[in-house]
Amino acid sequence: MLRTLLATTAVFCSLGGAGFALEKSEVVATYADIAEAGYADSLATAKTLQDAVDALIESPSEETLAAAREAWLAARVPYQQTEVYRFGNAIVDDWEGKVNAWPLDEGLIDYVDASYGGPTDANELAALNVIANPEINVAGKTVDASTITPELIADTLNEADGIETNVARGYHAIEFLLWGQDLNGTEAGAGDRPWTDYANGDDCTNGNCDRRGDYLKAATDLLVSDLEFMAAQWAEDGEARAEVTADADAGLVTMLTGMGSLSYGEQAGERMRLGLMLNDPEEEHDCFSDNTHNSHFYDGKGVQNVYLGSYTRVDGTVVEGPSLSDLVAAEAPDLDSEMQTRLDDTMEALGAIKTAAEGGFSYDMMLERGNEEGEELVMGGVNALIDQTRSIERIVTALGLDGIAFEGSDSLDNPNAVFQ
């Protein structure tokens, strides 16, 4: 039911011949409601992952490792749909690196293949392997790592020595611990960590199985606590909800900033076009599990959710309400139709990538130099995202909003800089 609010921000529309006043603040409230539901689903699926990780550590086997992997994949579905909230919401952007930072120098955490190399000038901790070393040296200080805890990961290891690729926490650290390195390059195949990396006694492979389990549990517990924090920010009395709903026009700016920045600079640029330019599977978003096709798809879905004011929860229920689409349709019906078409085109292009990957043509294979089919699929997504960003820019103008700047990417704005 529509909330009764001051009519000073009302846009008058018609529905079935009956007039009603659509409040901008109601549109922003729907946005906050979808965030609340999306982060609640992210938390719930992370808790399911937590249970699966506990089962793996308690009873290591092919089956329990497979179950933990499936739980991780399921947890990504609602979380990726929340990424549209990162840009424009300072609370989310400041927090996001705790849960979804990438790429990471995985040698910080655990053993890696010899081809990975050792410390580099850019990161002397790139092969630290805290799992194998109960005492480590970070930034010139000796650190007791004999007990691996969430606090050790959060306070000492993550972004150790101020280096962003020292990612020690979040979905991708957990992903690495479940799958291991993907050593297949642009050939078929994801990481293939054996379940015996968590086995007891003589069955343990690659050493330190107990500490590996400790790290996996600590990282998963930390992910759950991080998501508990963000879910609370969007609850009825949450700070993120209060900030975005305090001013209707500012709330609309936040919504459109998130949509445009994720569509353009982040997804079309940094997550898709850049990897294709470099032909580098290390630029995949979910590179250990070969799940990047789903991450891209659900990022796109999140943008569509915000515009249409509708989100389908993990349990199948739908959270919906007055939307940006309603607001734009009242001001410029043709522009609303254009935007909906652009969103559909994007989801079709991202869906084609998803379908191809699920059929055996994985995303890292698409990045191979000279692979025309892969380039066509990836660039289909990139171009659709760019087109929808142009429509978002027109919506900003149509709604008379100011103060919006979308994130950019050298891969789109200054391609020569990528190779410098």
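Residues are numbered from 1 along each chain as its sequence is written, and side-chain values use heavy atoms, with hydrogens and water left out. Because the model is predicted, local features need pLDDT of at least 70 and side-chain atom pairs count only at pLDDT 80 or more, while totals for chains, interfaces and linings use all residues.

With a salt bridge taken as a side-chain nitrogen of Lys or Arg within 4 Å of a carboxyl oxygen of Asp or Glu, the count comes to 20. One of these pairs Arg 193 with Asp 197, at 2.8 Å from N to O. Both partners are buried (under 20% relative accessible area, against over 50% for exposed and in between for partly exposed; 1.4 Å probe, protein chains only): Arg 193 has a relative accessible area of 5%, and Asp 197 has 0%.

In helix H13 (residues 372-398), Arg 390 and Glu 393 lie three residues apart, about one turn of the helix; helices here are DSSP runs of H or I with at least four residues, numbered from the N terminus. Their side chains meet in a salt bridge of 3.1 Å, N to O. Arg 390 is partly exposed at 32%, and Glu 393 is partly exposed at 34%. Elsewhere, salt bridges that share partners join Glu 83, Arg 86, Asp 93, Glu 96, Glu 266, Arg 271 and Asp 299 into one network.

Beyond its neighbours within four places in sequence, Glu 96 is in contact (heavy atoms within 4.5 Å) with Tyr 79, Glu 83, Arg 86 and Ala 101.

Asp 345 sits in helix H11 and is partly exposed at 34%.

Finally, Pro 194 lies in the loop between helix H5 (171-179) and helix H6 (209-233), partly exposed at 31%. Its C-alpha atom is separated by 7.8 Å from that of Glu 62, 132 residues apart along the chain. Residues up to four places away aside, Pro 194 touches Leu 65, Tyr 111, Thr 205 and Asn 206.

Note on methods. Helix = DSSP H or I, 4+ residues; strand = E, 2+ residues; numbered from the N terminus.
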